[in-house]
Amino acid sequence: MAVLGIPQNTIDILKKYDIHFQKKFGQNFLIDTHVLEKIIRAANITKDDFVLEIGPGIGTMTQYLCENAREVLAVEIDKNLIPVLGDTLSEYQNVTVQNEDFLKMDIVQIAQEYNGGNPIKVVANLPYYITTPIIMELFESRVPLESVTVMVQKEVAERMQSKPGTKEYGALSLAVQYYAEAEIVANVPPNCFMPRPNVGSAVIRLTCHKENPVKTGDEKFMFRLIRASFNQRRKTLQNGLVNDAGLSLTKEDVQRALEQMGLPSTVRGERLSLQEFAKLGDLLNKEISI
Ligand code: SAM
């Protein structure tokens, strides 16, 4: 079977099946074998692993996954690509292709069925229009996860990895770092894809924490605070929280909590670490319940 990471082989398959790229599905297919090998290495795939791939496209990375993993489930939304995948993956006995919208699937059930409920690895060149919903769905579904190694827009990868006080730091950084250790493992230029995207890309590996790095009495409330703080980035944290009607917090509530934490009332959300948001959440939760 022709290795699809080689551009001419991808062109031949697209011609053979008269495939036209679907922009609405974020289709940018990888055509660089070095990048593909790097992703497989970064994900540390072994013959013991079950791997879930989101958006296999014409099966370029799927071929590498099949070579290296025990079993692969590839979920592709575009029905036109299913016959192509039947062809490009015909040599492999360890792959299942499902024609589904990943966001509508029961991932916990997938881990149960394919991996006996043990932590799974996710590897994907993600469709950029739904990167954040896919990543948050993986974490919030509470599916047992070992790692998520994905190609995303460079700017999004930087936001996931960034630390307090930087301009990229925000709600996405905190959400991702609550669940995983984030590390950018490769920067990938547009010419490694067909068609070329008009943004730079990066491969990021999210290694899931065995235990959450912070303890909070109310995770949902902590994330509501985080969202409210970054919704109004230019405002102080205090104004951001008080202006969010859904939170019903008074200026005095927030001032008291910040004081207890030794933080000035003028502090901005982007200065607070995950630990500090957890602490603030617990203090404010007490205020509300009094
Ligand atoms: N993995 C291939 C590669 O690296 O060449 C293709 C990657 S392309 C960036 C993203 C793929 O995700 C496309 O094949 C697209 O059709 C598919 N896709 C988009 N939205 C999806 C969804 N909601 N569920 C499953 N697949 C989706």
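1. The second largest pocket holds about 300 Å³ of space. This model is predicted: local features need pLDDT of at least 70, side-chain atom pairs count only at pLDDT 80 or more, and totals for chains, interfaces and linings use all residues. Residues are numbered from 1 along each chain as its sequence is written, and side-chain values use heavy atoms, with hydrogens and water left out.

2. Some terms for the pockets. On a 1 Å grid over the protein atoms alone, a pocket is an open set of points where a 1.4 Å probe fits, with protein on both sides within 12 Å along at least five of seven lines; lining residues have an atom within 4 Å of a point. Grid points are joined across faces, edges and corners, and a volume is the space filled by probe spheres set on the points.

3. The second largest pocket has 13 lining residues. Leu 145, Tyr 179, Cys 208, His 209 and Lys 210 lie nearest its centre. Helix H6 (131–140) and strand E6 (145–153) each supply at least two residues of this lining. Helices (H or I, at least four residues) and strands (E, at least two) are DSSP runs, numbered from the N terminus. The lining divides into seven nonpolar, two polar and four charged residues. Here Ala, Val, Leu, Ile, Met, Phe, Trp, Tyr, Cys and Pro count as nonpolar, Asp, Glu, Lys and Arg as charged, and the others, Gly among them, as polar.

4. The largest pocket has a volume of about 680 Å³. Its lining has 38 residues, with Phe 25, Gly 26, Gln 27, Asn 28 and Pro 127 nearest the centre. Strand E1 (29–30), strand E2 (50–54), helix H3 (60–68) and strand E3 (71–76) each give at least two residues to it. By class, the lining has 23 nonpolar, nine polar and six charged residues.

5. Now the sheet. Seven strands form an open sheet with mixed pairing, in the order E4-E3-E2-E5-E6-E9-E7. Strands E4 (95–99) and E7 (180–188) are the edges, each pairing on one side only. Two strands pair if DSSP finds at least two bridges between them. E7 and strand E9 (residues 201–208) are antiparallel, over eight bridges. Within this region, Glu 181 has Thr 207 in E9 as its bridge partner. H8 packs on the sheet and touches E7 and E9; its direction makes about 115° with that of E7.

6. Which residues of H8 meet H9? They are Ala 171, Leu 174, Ala 175, Tyr 178 and Tyr 179, and they meet Glu 219, Met 222, Phe 223, Ile 226 and Phe 230. Contact means heavy atoms within 4.5 Å. The contact has nine nonpolar residues, no polar ones and one charged. The axes of H8 (residues 171–179) and H9 (residues 219–231) come within 9 Å and cross at roughly 155°. H8 is therefore roughly antiparallel to H9, a term for angles over 145 degrees. Axes are lines fitted to C-alpha atoms, for helices over the stretch in contact, and angles run from 0 to 180 degrees between N-to-C directions.

7. Two backbone details. The Met 194 to Pro 195 peptide bond is cis, with omega near -10°. Pro 195 sits in the loop between strand E8 (193–194) and E9. Asn 44 is not a glycine, yet has a positive phi of about 55°. Its place is the loop between helix H2 (33–43) and E2.

Technical notes: Parallel < 35°, antiparallel > 145°, perpendicular 65-115°, else oblique.
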